[in-house]
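Here is a short report for a reader meeting this structure for the first time.

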Amino acid sequence: MLKRSRRNGQGDDLTYESYLSLDRLLTAQRPLAEPPHPDELLFIIQHQTAELWAKLMLHEMSRVQSLLSADDLAGTFRVVDRVYAIQAQMISQWTVIATLTPDAFTEFRSVLGGASGFQSAQLRAVEFRLGNKRPEYLDYYEWSMQRRLLERALHEPTLYDDFLWFLLRAGHPLPRGCRDRRYSGDQEPDEAVVAVLRHIYEHRDRYTAEYEMAERLVELEERHQLWRFRHMRTVRRIIGERPGTGGTRGVPYLTELVNAPLFPEIFAARDVIGPDE
């Protein structure tokens, strides 16, 4: 049986229920509709679960960056594989909320008031960590207890920054400024970086580790884009083209996210791999 750690001064037997704090977890769903609506619990649990997965994803992405910074590629790949599994869970969640019909949602939508998924600091931090940094979005989180999380994600290196620094340590001739820049997906690709990535892809047998890490980033982006797409399609299915909760732009905003690149230099290299035409 699990024992409670004596570091907190308690030696009582630890139960499944107390270890997982189920007394708090299972009472954290507080539907507001009057009369009660049977689908509001689904809506709450969907979003609470997404926040838990986002918390784990941020935790694992920090591990990825630490391992990559230490040139531990075996450890990096292992944790990236876990991030993939988390992404798969987050993508599959949309099939549950998609069972919420538009007429049912309108029956309790008003109780949400100004609350919106747009306000999720953790999901925003995931975007920042992946390179989709928008400093102006901090203005929407003045009230949030998680604002510091966003500030750190905005100013600290992205996963892609750590990848470029890994390439520098491996001796690739990247521009000197790569060590100081904080890359954002909306920047134009640096031709010198693209040239290095092209060289890696064209000599994959020589640069196996670099090639494998680049391809893992491609897979990471594709899965994140799929999550964005499923989000957009689910919102469209439930509320159509109307504004989202809290006055957000809804589907048009989510569509912009679907088209926002994360690692454009890796994809730009694909345009030039092979003999020059």
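## Contacts and overall build

Take the contacts in the chain with a separation of 6 or more: 69% of them join residues 24 or more positions apart. The model is a predicted one.

The chain has 13 helices and zero strands. Along its principal axes, the C-alpha trace spans about 70 × 55 × 30 Å. The chain holds 277 residues, and 47% of them are buried.

## The nonpolar core

The largest nonpolar core has 76 residues. Four of its members touch the most other members: Tyr-160, Phe-163, Leu-217 and Ile-266. Helix 11 gives the most to this core, with 11 residues.

## The largest cavity

How many cavities of 30 Å³ or more does the structure hold? There are two. The largest cavity contains about 70 Å³ of space.

Nine names make up its lining: Met-57, Gln-87, Met-90, Ile-91, Leu-123, Val-126, Arg-223, His-224 and Trp-227. By type, six residues of this lining are nonpolar, two are polar and one is charged. Three helices each supply at least two residues of the lining: helix 4 (73-92), helix 7 (121-130) and helix 11 (208-239).

## The second largest cavity

About 50 Å³ of space lies in the second largest cavity. Its lining consists of Met-61, Val-64, Val-80, Val-83, Leu-159, Met-213, Arg-216, Leu-217 and Leu-220. Helix 3 (40-69), helix 4 and helix 11 give two or more residues each to this lining.

Which helix gives the most to the lining of the second largest cavity? Helix 11 does, with four residues. In this lining, eight residues are nonpolar, none is polar and one is charged. Leu-217 lines this cavity, and Leu-217 is also among the core residues that touch the most other members.

Helix 8 covers residues 147-155. Its buried residues are Arg-147, Leu-150, Ala-153 and Leu-154. Seen down the helix axis, the buried residues of helix 8 fall within an arc of 125°, so they line one face. An α-helix has 3.6 residues a turn, so residues three or four places apart point the same way.

What do the buried residues of helix 8 pack against? They pack against helix 7. The face turned away from the buried side carries two exposed residues, Arg-148 and His-155.

## Glu-210 in helix 11

Glu-210 is found in helix 11. Is Glu-210 buried or exposed? Its relative accessibility is 8%. Buried means under 20%, so Glu-210 counts as buried.

Glu-210 also links to residues elsewhere in the sequence. Leaving aside neighbours within four places, Glu-210 is in contact with Phe-163, Phe-166, Leu-167, Ala-170, His-172 and Ile-200. One of these, Leu-167, is 43 residues from Glu-210 along the chain. The C-alpha atoms of Glu-210 and Leu-167 are separated by 7.1 Å. Another contact, Phe-163, is among the core residues that touch the most other members.

Conventions: Residues numbered from 1 in each chain as written. Predicted model: local features only at pLDDT ≥ 70, side-chain atom pairs only at ≥ 80, totals over all residues. Heavy atoms only, no water. 1 Å grid on protein atoms, 1.4 Å probe; cavity = no way out; pocket = protein on both sides within 12 Å on 5 of 7 lines; lining within 4 Å. Points joined across faces, edges and corners; volume = space filled by probe spheres on them. Nonpolar A, V, L, I, M, F, W, Y, C, P; charged D, E, K, R; others polar. Core = buried A, V, L, I, M, F, W, Y, C linked by side-chain atoms within 4.5 Å. Buried < 20%, exposed > 50% of the residue type's maximum accessible area, 1.4 Å probe, protein only. Arc of directions from axis to C-beta. Contact = heavy atoms within 4.5 Å.
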